[in-house]
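Hi,

Here is the structure I promised to pass on.

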Amino acid sequence: MTRDATSAPPTPPDPDTRTGSPGGGQHPHTGLPSVGQHAHTGLPSVGHHDDLPDFIARITARERRAVSQAVTELERLSSHAPALLQALQPHLGHALVAGFTGPPGAGKSTLVNAVIRELRAAGKTVAVIAVDPSSPISGGAILGDRIRMTAALDDDGVFVRSLASRGYLGGLSPAAVRIIDAFDAAGFDIILLETVGTGQNEIDVAEVADVRVVISAPGLGDDIQAMKSGLLEIADILVVNKGDRPGAEQTMQQLAGALSIRATISDKIPLLKTTATSGEGVDKLLAEINSVGEHVRATGAQSRRRRRARYLIARAAADLVAARIRRGEGSRLDDLSDHVLAGTLSPDAAAASLLKD
Ligand SMILES: Nc1nc2c(ncn2[C@@H]2O[C@H](COP(=O)(O)OP(=O)(O)OP(=O)(O)O)[C@@H](O)[C@H]2O)c(=O)[nH]1
Ligand SMILES: [Mg+2]
């Protein structure tokens, strides 16, 4: 499934994504219908000026309903979202964002669940953002459902939100990045971000997460196929999950081999074996996450948040360009297209030329 990650990904099964191309009556940034930005769609009117300080106070007190409302506002990019994001700013910078990425079915959700248990046992609060487009493919349970069935029920120290990938083809939607701010302001110690690592997505995670955990497992196909799409490059921590399965040791050896070829990073990247279903090795994983996290914290919260803002800007810029191309700059675009077809202009040069206009 991940073998062709660099070519066009298949149409995702989520029906939302079929209408997800931005533009044409939709918000250019989120691809959501623009009607969703208006207060009359039934969103709670929590963002009104009068209520905002109170709303922020309830968020920072980690009042569950307020956090949930804030997340919804940011996810839908409601008309209140910009004011809300701004008001959240003074409360940001505490949370560590740990990205969990890897091929479908590697056990990301199960592992996230096991990490939650470990974190709670250590008295840490945790929020989870699960971008969950692939579950119908791999047969994995949607993380939200999984959590609901397990330990996190009725625990105020855990908050889970599942997002559809909304046209970002398994990638990380800008909504997921905005939501980080709500959880951060709410004072969660750690935010776990589960995404499927296919195509462009792992680069998104690299830009957004403070700690990148890349998860593989035996039995997913050829050797270390998951690593061909750039996952190895972004990993701060490499995990072979399903350590109870035959072949786990072999996958470990293959990954160790792949790491040793990259001599410059091989000694820095921990390679761990976990069994998410039993919890084995999860304590070590958490120790490594904390260790990388401490190092990242030393670089300052401001620079981490700036990286996330930069990501949002890049995404918005890409959307603007895509919208401009879709609108079709008439003969100009036809002209460029003909040149590309004739081989007299590279697509890169054509894009650069379009941006200059
Ligand atoms: N034997 C074994 N099975 C596991 C382990 N971890 C997860 N699984 C199983 O693998 C399947 C997929 O697990 P998920 O946690 O849903 O995997 P995922 O990576 O989140 O999958 P997607 O979100 O669909 O990409 C489930 O049936 C899990 O029970 C493990 O450590 N050992
Ligand atoms: Mg999952």
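Start with strand β4: Ile190, Leu192, Glu194 and Val196 point one way from it, while Ile191, Leu193 and Thr195 point the other way, and all of them are buried. With seven of its seven residues buried, β4 is largely enclosed by the rest of the structure. Before you read on, bear in mind that this is a predicted model.

So what does β4 pair with? On one side there is β2 (residues 126-131), which runs parallel to β4 (residues 190-196) and is joined to it by five bridges. If you want to find specific pairs, Ala130 has Glu194 as its bridge partner in β4, and Val128 stands opposite Leu192. The other partner is β1, again parallel to β4, with seven bridges between the two.

Is Gly99 buried or exposed? It has 28 other C-beta atoms within 10 Å, and 20 or more count as buried, so Gly99 is buried. Val214 is 115 residues away from Gly99 along the chain, yet their C-alpha atoms are separated by 8.1 Å.

Now zoom out to the sheet. Seven strands make up an open sheet, with parallel pairing, in the order β3-β2-β4-β1-β5-β6-β7. At the edges are β3 (158-163) and β7 (271-273), each of which pairs on one side only. On average, neighbouring strands are turned by 20° against each other, direction ignored. Helix α13 (residues 282-298) packs on this sheet and touches β1, β5 (211-216), β6 (237-240) and β7. The direction of α13 makes about 150° with that of β5.

Helix α2 (residues 52-60) packs against helix α3 (residues 64-76) at an angle of about 110°, and their axes are 7 Å apart. That angle makes α2 roughly perpendicular to α3. The crossing of the two is left-handed. Which residues meet there? From α2 they are Phe55, Arg58 and Ile59, and from α3 they are Ala66, Val67 and Ala70. Sorted by class, the contact of α2 with α3 has five nonpolar residues, no polar ones and one charged one.

Cheers

Note on methods: Residues numbered from 1 in each chain as written. Chains lettered and ligands numbered in written order. Predicted model: local features only at pLDDT ≥ 70, side-chain atom pairs only at ≥ 80, totals over all residues. Buried ≥ 20, exposed ≤ 12 C-beta atoms within 10 Å, placed from the backbone. Pairing = 2+ DSSP bridges. Helix = DSSP H or I, 4+ residues; strand = E, 2+ residues; numbered from the N terminus. Axes fitted to C-alpha atoms, helices over the stretch in contact; angles between N-to-C directions. Contact = placed C-beta atoms within 7 Å. Parallel < 35°, antiparallel > 145°, perpendicular 65-115°, else oblique. Left-handed = near helix turned anticlockwise from the far one by under 90°. Nonpolar A, V, L, I, M, F, W, Y, C, P; charged D, E, K, R; others polar.
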